[in-house]
Amino acid sequence: MNIVKKAKGFWTSIGLAVVLSVVLQFLINGGTLNPFYVNTLYTICINIILAASLHLIIGITGQFSIGHAGFLAVGAYASAIVTMKLGLPFPVALIGGGAAAALAGLVIGIPTLRLRGDYLAIATLGFGEIMRIVFLNIDYVGGASGMTVSHLITWPWLIACVLITIIVIVNFTNSTHGRACISIRENEIAADAMGINTTFYKVIAFAIGAFFAGVAGALHAHNFYIIQPTNFSFLKSFDILILVVIGGLGSMSGAVIAAILLTIISAFLSSYPEVRMVIYSLVLIVMMLFRPQGLLGTREITSFFKVGKSAKGGVQHDKNTVA
Amino acid sequence: MEQFIQQLVNGISLGSIYALIALGYTMVYGIVKLINFAHGDVFMVGAFIGFYSITILDLGFFPALLIAMTACAIFGVLIERIAYKPLRNATRIAALITAIGVSLFIEYGTIYIRGAQPEAYPNNIIPLKSLDLFGVKISSQSVLILAVSLFLMILLQFIVHKTKIGKAMRAVSHDMDAAKLMGINVNNTISATFAIGSALAGAAGVIFGMYYTKIEPLMGIIPGLKAFVAAVLGGIGIIPGAMAGGLLLGVIESLVSAAGFSLWRDGVAFVVLILILIFRPAGLFGKNVREKV
């Protein structure tokens with residue numbers, strides 16, 4: 001009963017998103033939106049995918065990864081190689097970027113996910129930096145000067161990727177496997193004792209998160225004309241982390257809303273980058289001091305429209321952050 | 001062979017800077033179980049304070065070093081009191097995110113105040129002579145770096161093992177609640193740990209500026225991360241481990257550069273980190289030494 005109601009709220013949101021995206025398509029085609037707004041819109045979509053993919057790793061599975069820019073970089077470079085060097089069509093690049101990032105997620109996830117908390121954070125940070133240095137040193141992808149990529153993305157492709165990402169991740173969260181991941185977040189030892197293969201689920205969540213980060217990387221590469229290793233430094237990882245933390249660790253709608261709001265704020269503050277970072281860091285500190293669970297905690301936005309019903313995403317304790 | 005020894009000397013100079021920063025990481029981690037991401041930025045602030053003391057106040061190397069260390073100690077205590085103390089009982093993730101926030105705040109606050117342009121350290125602070133030892137050139141700077149770092153490390157060992165506050169630190173890192181019951185002022189002890197760690201980072205900042213001559217607001221990030229790698233390499237929470245890890249990492253990096261892979265130098269530290277985390281998470285000194293601060 002509850003599940004049906006929850007699903008209704010979710011599919012209503014998806015339906016609204018589709019309607020909105022069709023309207024936006026007409027606005028873009030009609031030239032009502034100027035290029036600045038269109039560009040912001042594209043960045044919002046890419047950030048939503050990134051936030052959703054990191055949400056699965058941190059918010060749902062409780063694995064604190066701060067090397068997400070590494071997967072973004074793998075996806076971006078892999079897709080750029082597919083379209084620019086191999087001359088294959090754009091959809092192949094999307095899948096290729098995602099698959100390469102998922103592979104990287106598996107390779108890095110299997111050894112490092114045995115680590116917990118702080119150590120995992122540092123190991124993933126190290127992975128992100130290694131990826132950046134690797135791309136910096138490979139001449140095939142242009143080294144430090146980067147790689148020029150043609151602008152291939154269109155609005156329908158972008159919005160389709162966003163919706164597929166959200167639907168897959170939400171359905172994964174609500175499946176048996178997602179429940180297993182949430183149990184790992186709540187208490188890994190207890191989950192292990194209940195017979196859940198914690199390593200398997202952590203790696204799976206990591207690989208799925210990495211896949212979508214790779215797709216976001218492919219979109220990023222084909223939106224910005226040029227990709228350079230400096231675009232994927234760990235400051236980028238922090239940018240993605242901030243989206244998930246502010247939205248609420250464990251809330252998909254929180255991550256999406258944070259991605260939309262913060263991208264708009266960044267777009268308007270883009271002429272003052274240091275002011276933006278000062279504000280971001282202050283928000284991060286104040287948020288952790290006064291509301292460590294983020295804007296929505298583990299709740300979803302749809303749960304606010306139903307009085308007295310429990311939302312998805314595990315136990316309703318808004319005292320602490322997850323993990 | 002001579003070139004190898006030359007690189008070894010460079011590596012030891014670089015490594016002693018890593019070791020000084022790593023000490024702060026390892027002490028703070030040992031006592032509050034927090035990766036203080038802002039530590040690398042305290043190092044940056046130390047470098048800038050040293051720079052301004054030398055250029056504006058016209059001081060020599062040692063007074064500048066002392067001023068930077070004192071200012072960083074105060075700065076470290078302020079960070080701890082304002083940002084970390086309210087979160088002492090929060091989850092580890094919340095504390096980690098706060099640390100990242102503090103780090104970003106210091107970096108971009110500095111850029112906001114003084115701009116992002118780099119500064120060049122004056123290179124006439126100490127007389128530049130080089131010592132010729134069996135065909136290996138050792139500059140007076142390397143000798144000075146090594147001497148200052150060794151002195152500070154010995155001083156630290158003395159503080160930790162022979163003074164009352166050192167005993168309190170060891171007690172708090174061993175068991176915070178029991179230490180509290182024994183009448184130890186835990187808050188002051190933690191602040192003292194931050195003060196000592198930050199002072200060492202400030203000293204490292206001045207030394208770094210003198211050795212590499214270029215300082216900028218984002219310079220703390222990479223040395224900070226590498227110093228953390230050094231702390232993990234030696235076994236986090238263990239003071240001699242941080243020293244050994246720092247020196248080892250410095251030497252490894254110099255040798256990699258010497259072998260012709262200087263562009264890969266930054267990556268090596270992280271490869272070392274991932275390998276050590278996989279094969280020996282307790283670090284090189286992790287098993288034998290129980291004592292932690």
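Apart from neighbours within four places in sequence, Ile49(A) is in contact (C-beta atoms, placed from the backbone, within 7 Å) with Cys161(A), Val162(A), Thr165(A), Phe212(A), Val215(A) and Ala216(A). This is a predicted model, in which local features need pLDDT of at least 70 and side-chain atom pairs count only at pLDDT 80 or more, while totals for chains, interfaces and linings use all residues. Residues are numbered from 1 along each chain as its sequence is written, and chains are lettered from A in the order in which they are written.

The largest nonpolar core has 209 residues. Such a core is a set of buried Ala, Val, Leu, Ile, Met, Phe, Trp, Tyr and Cys residues joined through C-beta atoms within 7 Å; buried means that 20 or more other C-beta atoms lie within 10 Å of the residue's own. Ile49(A) is one of the members that touch the most others, a group that also includes Ala203(B) and Leu273(B).

## Where the chains meet

In chain A, 33 residues are in contact with 33 residues of chain B. Helix H5 (117-137) of chain A gives the largest share of chain A's side, 12 residues. Helices here are DSSP runs of H or I with at least four residues, numbered from the N terminus.

## Two helices of chain B

Helix H2 (residues 39-55) and helix H3 (residues 61-84) of chain B pack at an angle of about 140 degrees, their axes 8 Å apart. Axes are lines fitted to C-alpha atoms over the stretch in contact, and angles run from 0 to 180 degrees between N-to-C directions. Among the residues that meet are Val42(B) and Ile49(B) in H2(B), and Leu65(B) and Phe75(B) in H3(B).

Terms used: Contact = placed C-beta atoms within 7 Å. Buried ≥ 20, exposed ≤ 12 C-beta atoms within 10 Å, placed from the backbone.
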